[in-house]
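Trainee: Could we go through this structure together, one question at a time?
Mentor: Gladly! Have a look at it first.

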Amino acid sequence: MTTAAENPAPARRRRRAGRSARGRAEVRLGWLLAGPAFLIMLSVTAYPIAQAIFDSLFSFRLTAPGDREFVGVGNYLTIFTDPVFWQSLGVTVLVTVVTVAVELVLGFGLALVMHRALKALRGMLRTAILVPYGIITVVSAFAWYYMFDINSGFINVWFDWVPGIGADLDWFAQFPTAITVIMASEIWKTTPFIALLLLAGLAQVPDELLEAARVDGATWRQQMARVTIPNMKAAIMVAVLFRALDAFRIFDNVFIMTNGSAGTEVLSMLAYKTSISRLEIGMGSAISVVLFACVLLICWIAIRFFKVDLASGTDAKPTGGKK
Amino acid sequence: MADPDSFGRAMDVSEPIRPPGRLGGRRGRCLLTTAAALIAGGLLASGCAAEAEAPVLTWYMNPDDGGQQMLAERCTQEADGRYRIEASLLPRDAPQQREQLARRLAAGDTSMDIMSIDPPFIPELAEPDFLAPVPEDVAEATTQDTLDGALAGAQWNDELVTIPFWANTQLLWYRESVVEEAGLDMSGPVTWEQVMDVAAEQDKHLGVQGIRAESMTVWVNALIASQDEQIIEDPSAPAGEISTTLDSPAGTAAAEILARIGDEGLGGPGIASMDENQSMLLFQGEQGSFMVNWPFVWAATNAAAEEGTIDAEVPEDIGWAQYPRVDEGTPSAPPLGGINLGVGADSEHPDLAYEAVECIVRPEHQAEYFVTNGNPPSSAEAFEDPRIAEDYPMADAIRESLENAAPRPQTPYYNEISTTIQEHYTPLDEIDPESTPAEADEYVIDVLRGERLL
């Protein structure tokens, strides 16, 4: 593969040096091909985002249209001084960190299994592993809810030999157990996604490198740490970024299982409650904008500090060059 | 913006499939059918011309056992071509019904001809003039014999803004065997204290709703109203000036009852997820003793006994009484529920819509709705129907309860107040009668001033 050979700098210089007629035609063709999609994306995302930012500067309740009032950054001040916001941000960060970390480990294991599986089994194995990911989140949330529900669930009966679990345990009544079930369901459902992304990364690791390592007498552990993982760093980072963004916006599981009780309210739930249940469009928009800013921040951190290159799917810098 | 994907998925569960607005109506579909027929090349008569003359009234209804749909069909027939009622189903959950109605009304949806509205949400929709004014003759014809509690719930600022359809109230249901063993006399009014004492002595559980949901506000409000007090001092005050009186002797007494049930575990281990249905299941089981619940439990318990999912003798062991008192000397004020019918201000046919409403709420229709769907009428006359006494031996108790029932706080900011109560009064075992009511009061003020999130 060409991971190590490519260097972006000369390419840029070449482009600047003067475009040939063919080059210009290619650029034009590129815009013609991507332009419509670009415009549509802009109109369906930029407009609502701009509208939300605009609305967030008002005190505006849907059922009191006459009382709409400009409050500037007042809504943001309320948000940032309110413990309810910090609490839900904390829960959201906790869910993001824990689920992504666990999913990464489990997903890597599954990817290895899929990668190593015999050709005959591979198709079936991949399908089986992907099943949870194919289930609609609301449906899986209900399934998990009824599994753990104190009135109709079977977990309390099956696992009553485990200390702490018994017929009287209401999983959704207190924070530690409630958040555990929510995170477990999230992990169960999205690990296949990470596994699939990592599998793609594993497939990109050149066999020659592994062979060479083996010839040099590297143990399995060394092959992993020195060859496989460094070569699939880009895939890992993309998987982490995608899942982190996804996990940060967690909604369905919490909505179905606790509806925010027992201190499990997450940020998107707070935005939903404010703008949809309370019909406070101004404050709700402000929370949505904050949520959006958080998502942007995660993206920025990932790209700036971990050098995730979404365009090529491979690392922009030669991996071996630093030594 | 935050997560359109999961938002969409979460809402798909309950939103009706039919799109709103003009195109959603019969005419729109006719246009589409005609267009489709043209495209197909066949110019067959589509039958639209004749039907298009009858204006279509859309009735946004809460899910039930098909009773409202049946009334819609009957009134359409009676109208003889003057209008046609088409049903559009709202979500199952009352707060979600409110969300959809409010969003559609605020957006000026012209298809909001008839709406089934839960009483506590009426002021919020009436205050910004989202509802078409009730014509005097309709008001007169439909509220002649409406039971007091139901009538109170249909008004806002002393004006009738919706038409009462069916009314709901809670009774105290009890297991005869438990009461007998405890030696409690159920022929007269009983108090919460007596009920709790019996449950504690007999080591049984109470069927109450401890889940963080609307039912919590229903309960708290009934406890305070049963002491002749109300949660809000001045319901029509603007947002910044509304305050609740949870921190009062009546509020403290209410909190003490809730806290005792929580502390002593009288509601069973699953109290935090106990809604109306779960508490009914608990009541039907071996641990059942008393339960406060809506009359649907009677039909549901009988059906379960017939199907064999519960012991066939359970229905015979069930008795009923008026909602428990807080003070021995003050009559209880049971919760009020039900559905009122409103007409959207932007409806294209408000006159026809009110004509249809008049047809829907006729006493014989209300009586039939009770018999077929288990939802009690709001009209006194409807209770006279012989079919009711046959199927619902507790019909008189329901009627009495409806006369004493107290609506939940009537204010455009009901949702904020209810949510605050739900958040502060759950879980039950964390209620501190000394501090919880005061905290909730303070929170309501801050939230309504826009100084806090909820």
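This is a predicted model: local features need pLDDT of at least 70, side-chain atom pairs count only at pLDDT 80 or more; totals for chains, interfaces and linings use all residues.

Trainee: What is the average twist from one strand to the next?
Mentor: Good thing to ask while we are on this sheet of four strands in chain B. From one strand to the next, the twist averages 20°.

Trainee: Which helix packs on the sheet?
Mentor: Find the helix that touches β8 and β9 (288-293) of chain B. Its direction makes about 150° with that of β9(B). The helix is α10 (residues 192-202) of chain B.

Trainee: Now to chain A: are α8(A) and α11(A) roughly parallel or antiparallel to each other?
Mentor: The axes of α8 (residues 175-204) and α11 (residues 233-248) of chain A come within 9 Å and cross at roughly 160°. An angle over 145 degrees counts as roughly antiparallel. The two helices α8(A) and α11(A) are therefore roughly antiparallel.

Trainee: How many nonpolar residues does the contact of α8(A) with α11(A) have?
Mentor: Among the residues that make this contact are A:F193 and A:L197 of α8(A), and A:I236 and A:V238 of α11(A). By class, the contact has three charged and three polar residues, and the number of nonpolar ones is ten.

Trainee: Which element gives the largest share of the side of domain 1 that touches domain 2 in chain B?
Mentor: Domain 1 of chain B covers 53-161 + 336-403, and domain 2 covers 169-335 + 408-448. In their contact, 21 residues of domain 1 meet 19 residues of domain 2. On the domain 1 side, α5, α6 (122-126), β11 (336-342) and α18 (395-404) of chain B each supply at least two residues. The largest share, five residues, comes from α18(B).

Trainee: And which element gives the largest share of the side of chain B that touches chain A?
Mentor: Between the chains, the contact takes 41 residues from chain A and 32 residues from chain B. On the chain B side, the elements giving two or more residues are α1 (4-12), α5 (94-106), α13 (276-284) and α19 (414-425). With five residues, the largest share comes from α5(B).

How values were computed. Residues are numbered from 1 along each chain as its sequence is written. Chains are lettered from A and ligands numbered from 1 in the order in which they are written. Two residues are in contact if their C-beta atoms, placed from the backbone, lie within 7 Å. Axes are lines fitted to C-alpha atoms, for helices over the stretch in contact, and angles run from 0 to 180 degrees between N-to-C directions. Angles under 35 degrees count as roughly parallel, over 145 as roughly antiparallel, 65 to 115 as roughly perpendicular and the rest as oblique. Ala, Val, Leu, Ile, Met, Phe, Trp, Tyr, Cys and Pro count as nonpolar, Asp, Glu, Lys and Arg as charged, and the others, Gly among them, as polar. Two strands pair if DSSP finds at least two bridges between them. Domain bounds come from an automatic or database domain assignment.
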